[in-house]
Amino acid sequence: MNIMATSKEIQATPFAVAHPTEIIKDELKARGLTQRELAQRMDMQTSNLSRFLKGESITPAIAAKLEVALDIPAEFWLNLQAQYEIDSRNIAVRDEQEQAAINVEKMLSNIINLPELYKRLGINPSLFIQQKLDILKELLGFPVLEISSQSFALQSCFKKNEKQGIDERNETTWLTLAFIDARKNRPSETFKQENAQTAARQVAEAAHANQLSEAGIKHILDANGIAYCVVPKLEKTPIDAASMMVEGYPAVITTHRYNDMSRLIFNVLHELGHIFMHMNQVNAPVFVSSEYSYSRENKEEKEANEFAENTLIPQETWRKMMAAKTISLSKQSILRTLKQLSDNYKFDFNLVVWRYKHEFNQYDLYSAKAQKIV
């Protein structure tokens with residue numbers, strides 16, 4: 001049996017098919033005929049007709065007799081038999097594929113939250129499993145069983161926060177969704193390594209000029225050959241942002257886990273730092289940022305932190321600003337001092353506060369109202 005039938009063929013295959021002899025029985029019932037009467041009209045032994053009606057194939061000779069007995073063309077009966085055989089073969093193929101697909105789903109379920117993945121991708125749960133996997137394969141651009149070997153599933157540099165529980169299946173599910181969305185949002189320009197630094201500088205300049213929206217971030221990244229998209233968070237997956245290579249171009253993916261424009265800008269710059277410094281290879285690692293997880297111990301994370309910080313505010317300028325010794329002040333005094341420094345140096349106040357919170361680990365400066373993502 002050929003089990004390589006296309007999804008289109010399988011989709012056109014009925015769930016079940018009635019044998020042509022069942023149609024003959026229905027015709028007899030509708031006409032009020034008995035099997036004995038039909039046997040007489042067909043010039044057959046009643047026992048032979050009875051055996052035939054139990055599921056034997058309609059041959060050209062039988063089709064000719066049915067034409068005489070029921071005044072229905074022999075061609076109709078032969079076509080009915082041919083279609084039954086085609087449908088039966090396709091049903092057998094589909095059932096074999098469906099069993100194989102069940103096995104594939106079981107393996108995928110060990111690493112991915114498939115119901116959530118299908119839901120997020122808008123894949124109809126009532127479809128046959130093989131059809132769902134075919135759609136997923138099309139979205140991924142590679143066989144679904146290869147997910148576990150992809151760099152985004154290996155999470156080679158995921159910065160985990162030990163204080164929060166993480167569902168690893170949901171984590172991989174989010175990264176899979178991120179890859180798919182980034183693949184849909186292919187940038188319009190070709191990427192060059194230096195573009196990541198250029199994009200970061202343009203994002204920071206627009207932010208300090210109070211002329212930056214999320215649409216502006218996407219536009220800047222796209223113009224530099226970098227994809228940008230938003231994939232909403234999943235339960236027990238405290239991811240703020242990620243960066244990865246997708247079919248030859250880099251992508252930055254965020255979650256909006258916090259509706260904070262300054263945090264979003266820092267996340268984007270952090271990931272652009274990874275792209276600029278750590279993704280100049282074919283099989284580049286995936287970098288994932290989570291709350292309080294900008295590790296100062298991991299070399300690559302430290303470099304990405306410094307890239308983001310220095311792009312927002314050059315280190316030399318920041319040292320001059322911090323000469324005010326704000327760290328020794330009360331929280332309210334810190335905010336007033338940071339506001340004055342922001343005005344003096346013409347920096348965005350929210351970004352100055354964010355850098356201060358990040359550098360001195362003072363995330364409890366809640367009186368500094370976060371600017372919502374626009």
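Mentor: Let us begin with Ser 243, which counts as buried at 0% relative accessibility. This is a predicted model, in which local features need pLDDT of at least 70 and side-chain atom pairs count only at pLDDT 80 or more, while totals for chains, interfaces and linings use all residues. Residues are numbered from 1 along each chain as its sequence is written, and side-chain values use heavy atoms, with hydrogens and water left out.

Trainee: Why is Ser 243 called buried?

Mentor: Buried means under 20% relative accessible area, exposed over 50%, and partly exposed in between (1.4 Å probe, protein chains only). Ser 243 has 0% relative accessibility, so the residue counts as buried.

Trainee: What makes the link between Ser 243 and Glu 271 a polar contact?

Mentor: The two side chains come to 2.6 Å. A polar contact is a pair of N or O atoms within 3.5 Å; within protein, one must be able to donate a hydrogen and the other to accept it, and residues adjacent in sequence count only if both atoms are side-chain atoms. The value of 2.6 Å therefore meets the distance limit. Glu 271 is also among the residues in contact (heavy atoms within 4.5 Å) with Ser 243, including His 274 and Phe 287.

Trainee: Why are Tyr 345 and Phe 347 called a stacked pair?

Mentor: The structure holds 8 aromatic pairs. In this one, the centres are 6.3 Å apart and the planes 5° apart. Rings of Phe, Tyr and Trp (its six-membered ring) pair if their centres lie within 6.5 Å; planes under 30 degrees apart count as stacked, over 60 as edge-to-face and the rest as tilted.

Trainee: Which of the words buried, exposed or partly exposed applies to Tyr 345, and which to Phe 347?

Mentor: Tyr 345, at 32%, is partly exposed, whereas Phe 347, at 16%, is buried.

Trainee: How do you know that the charged end of Arg 263 sits over the ring of Tyr 258?

Mentor: The charged end lies 4.3 Å from the centre of that ring. A charge sits over a ring if NZ of Lys or CZ of Arg is within 6 Å of the ring centre and within 35 degrees of the ring normal.

Trainee: What makes Ala 101 a buried residue?

Mentor: Its relative accessibility is 1%, so Ala 101 counts as buried. Ala 101 touches Ile 129, Gln 130 and Leu 133, not counting residues up to four places away in sequence.
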